Amino acid sequence: MIELFRSRAAAYAALARLLAVLVLPVAFVRSPGRARHLACQWALALRYPAEDLAGLTPAAREAFTAARTEAFWRDGQLIGLTSGHRDAAEQHAMFRAEVRRTGSAGRARQRVLPPEESGHVAGYALDVRPTEGAAWLERHGAAYRLHRRYDNEWWHFEYHADTVPLRLPCPGTLPAVVA
């Protein structure tokens, strides 16, 4: 079953790459200076039709689309968005469900933050897929100011314009104070 999933994912990836190459001339006519970017976004929109970049800050959205365009054209790597912006009510519901599942707010915070602390609600956090795309972003994301934030979440990246955030073991962990 896993092999079937891998072969299907590989076929979808190959199809997305082929589509991007085929639509590149149209993208060039529409936007000569950004044809590769546009063709990539069109192809990835077909590969990941449910993703929604709305609600991300303009800087986070631009950084993400620039990074995934580079990953796509330079290394043939697809990066999809599983979750970006969430409204406070959705984040609160996720946090409350995790509290019920784990039995405490402290344990829940190791997996889901309350809305007032979530980068998703603020519009600068991104959950990406597949694992290979996240690995590419971990290696190259700093150039786009996208940083993996938590050791226990290979998929979670945050946009930070002016700083490199500390990498934490999990959400809800306080950074160590250096004396």
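1. P130 sits in the loop that connects β2 (125–129) to α7 (131–140); helices (H or I, at least four residues) and strands (E, at least two) are DSSP runs, numbered from the N terminus. The model is a predicted one, in which local features need pLDDT of at least 70 and side-chain atom pairs count only at pLDDT 80 or more, while totals for chains, interfaces and linings use all residues. Residues are numbered from 1 along each chain as its sequence is written, and side-chain values use heavy atoms, with hydrogens and water left out.

2. With a relative accessible area of 26%, P130 is partly exposed. Here buried means under 20% relative accessible area, exposed over 50%, and partly exposed in between (1.4 Å probe, protein chains only). Not counting residues up to four places away in sequence, P130 touches Y48, Q77, L78 and W154, where contact means heavy atoms within 4.5 Å. The C-alpha atoms of P130 and A9 are separated by 9.4 Å, although these residues are 121 residues apart along the chain.

3. Helix α3 (residues 58–75) has 18 residues. From its first C-alpha to its last, α3 reaches 25 Å, close to the 26 Å expected at 1.5 Å a residue; the expected span is 1.5 Å times one less than the number of residues. Its buried residues include A60, A63, F64, A67 and F72. Just after α3, G76 takes a positive phi of about 70°.

4. Helix α3 packs against α7 at an angle of about 105°, with the axes 11 Å apart. Axes are lines fitted to C-alpha atoms, for helices over the stretch in contact, and angles run from 0 to 180 degrees between N-to-C directions. That angle makes α3 roughly perpendicular to α7 (under 35 degrees counts as roughly parallel, over 145 as roughly antiparallel, 65 to 115 as roughly perpendicular and the rest as oblique). In this contact, A67, E70, A71, R74 and D75 of α3 meet W136, L137 and H140 of α7. The contact residues divide into four nonpolar, one polar and three charged; Ala, Val, Leu, Ile, Met, Phe, Trp, Tyr, Cys and Pro count as nonpolar, Asp, Glu, Lys and Arg as charged, and the others, Gly among them, as polar.

5. Helix α2 (residues 35–47) also packs against α3, at an angle of about 90° with the axes 9 Å apart. The two helices are therefore roughly perpendicular to each other. R36, H37, A39, C40, Q41, A43 and L44 in α2 meet T65, R68, T69, F72 and W73 in α3. By class, this contact has six nonpolar, four polar and two charged residues.

6. The largest nonpolar core has 18 residues, of which F64, L126, V128, W136, L137 and L146 touch the most other members. A nonpolar core is a set of buried Ala, Val, Leu, Ile, Met, Phe, Trp, Tyr and Cys residues joined through side-chain atoms within 4.5 Å. At least two residues of this core come from each of α3, β2, α7 and β4 (156–159), and α3 gives the most, with five. Apart from this core lies another, of nine residues, among them A16, A20, A43 and F72.

7. L15 lies in helix α1 (residues 2–30) and is exposed, with a relative accessible area of 53%. Its C-alpha atom is separated by 20 Å from that of A134, 119 residues apart along the chain.
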